[in-house]
Amino acid sequence: MRLGYDEKTEAFRDQFVAWLEANLPDPLLTAERPTSSAGVPEWARQFQRQMFDDGWLSPAYPSKLGGRSADLFEQMVYLEELGRRHVTRSFNPQGLGIVSASIVSFGNDEQIERWAVPIMRAEKTAALGMSEPGAGSDLAALATRAVLDGDHFVVNGQKVWTSGAHDADVLLVFVRTDPEAPKHKGISALIVETDTPGLDRRPFPDLGGPDHVDFNEVFFDDVLVPSTNLVGDLNDGWRICNGALAHERAMLWVMWSQSLDNMLDDALAELNGTSHADDDVVLDRLGRSIMDSHAIRLLGHRQLAKQQRGLVPAEQSILKLMGSEAQQDLAALILETLGAAALDQAVDSTLRFPYENDRGAVSWSDRYLFTFAGTISGGTSEIQRNIVAERVLGLPRG
Ligand SMILES: Cc1cc2nc3c(=O)[nH]c(=O)nc-3n(C[C@H](O)[C@H](O)[C@H](O)COP(=O)(O)OP(=O)(O)OC[C@H]3O[C@@H](n4cnc5c(N)ncnc54)[C@H](O)[C@@H]3O)c2cc1C
């Protein structure tokens, strides 16, 4: 059996490949790394803007929003070509993938003009304020409060894990606007400019080391936010939460799959010609990773075929779970095999774009640590297993 695309889709691919070949930035420039999820170097801003202006940033959107009204299959080959080259569309992934996407889906024309387009054109950067100390997996428990007072909301509370907030111009913040309503029903979404008085961002390092600072705690102390910054309807924030994330997640498996393949290439290059390449245990585990890669791709195509027929695919959680854990397993194998050498063994990533999932990774141990970003963010592995158990297998709630 040979899986393939029709001529129209392949023509779309050719067009995009030609554009990439003509427009990929000089590798000398791309060696400059982002400082955080919203700390975008100038070359990357220019590249993102060029993608937007030429209709290649978000191909599913119409041309005025940086796209070319691409269908599902065209979006697939687009992501395949980006992944194959380790090209990331934006160094502000939450800004592009979640914040601007939410504003486009749920905001009004003025909000799209004021925030979504500048974020897409990398003129502004954005961060996502969902999680709180008491609301991560159970996001609907969020307690940051916003009270409407005349033409402003008064916001008080705290967010945490807000990636890149210290470098961001705006935050999309989910707040509780009706504490009396059932917890899913009293939430709203606000755009908050980060220079608003009373807003305090405190960046802190993660397990990537003392210099790897992306997370923030964000404190709100009587922060006044204009009521015109409300995205969607009052108390309709839960729909926005789910809508924006679903939009982003639907095709994420292509990236997971490509990222796993890239890691497999690197792993094989690392082990080839060494004594590890004759070790049955290592070969068995490598074989498993290769099978994971095939399984993810086939499952992803099944999801795509269902989406194309207008069905809501159940595969999404399985793909997120498998994609993130398969990378972790493979990185763990290389770490165990190389031993102490994994601490400083340089992965040759300076001459290509850092991929969204291994930004800044310079050694196999870095890379391994970074795989935890995949198994925690966007819903932990345990939560994905719960979803698969309940919604795919129909098991009773635990
Ligand atoms: C790299 C990275 C970037 C992030 N960026 C952002 C961001 O930009 N903005 C933002 O708002 N948030 C962000 N987050 C936060 C992320 O959304 C949360 O970490 C995630 O939702 C889990 O919540 P928590 O950390 O509070 O863990 P908790 O929900 O407290 O979970 C702790 C442990 O308990 C398990 N658990 C919880 N509930 C259940 C259950 N019902 N059944 C079984 N097990 C359960 C979890 O799987 C986990 O192992 C980011 C996280 C990471 C890792």
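**Close-ups: a helix, a domain contact and a ligand shell**

**View 1. The end of helix α8 and what follows.** Helices here are DSSP runs of H or I with at least four residues, strands are E runs of at least two, and both are numbered from the N terminus. This is a predicted model, where local features need pLDDT of at least 70, side-chain atom pairs count only at pLDDT 80 or more, and totals for chains, interfaces and linings use all residues. Residues are numbered from 1 along each chain as its sequence is written.

**View 2. Along α8.** Helix α8 (residues 252-271) has 20 residues and reaches 29 Å from first C-alpha to last, close to the expected 28 Å (1.5 Å times one less than the number of residues). Its buried residues include Trp253, Trp256, Leu260, Met263 and Leu271; buried means 20 or more other C-beta atoms, placed from the backbone, within 10 Å of the residue's own.

View 3. Still, 5 residues of domain 1 are in contact with 9 of domain 2 (backbone-placed C-beta atoms within 7 Å).

**View 4. Around the ligand.** The ligand has 18 residues around it, the closest being Met130, Gly136, Ser137, Thr380 and Glu382 (a residue is near if its backbone-placed C-beta lies within 6 Å). Domains 2 and 3 both give residues to this shell, so it lies between them. β1 (126-129), α11 (364-376) and α12 (381-392) each supply at least two.

Methods: Buried ≥ 20, exposed ≤ 12 C-beta atoms within 10 Å, placed from the backbone. Contact = placed C-beta atoms within 7 Å. Domains from an automatic or database assignment.
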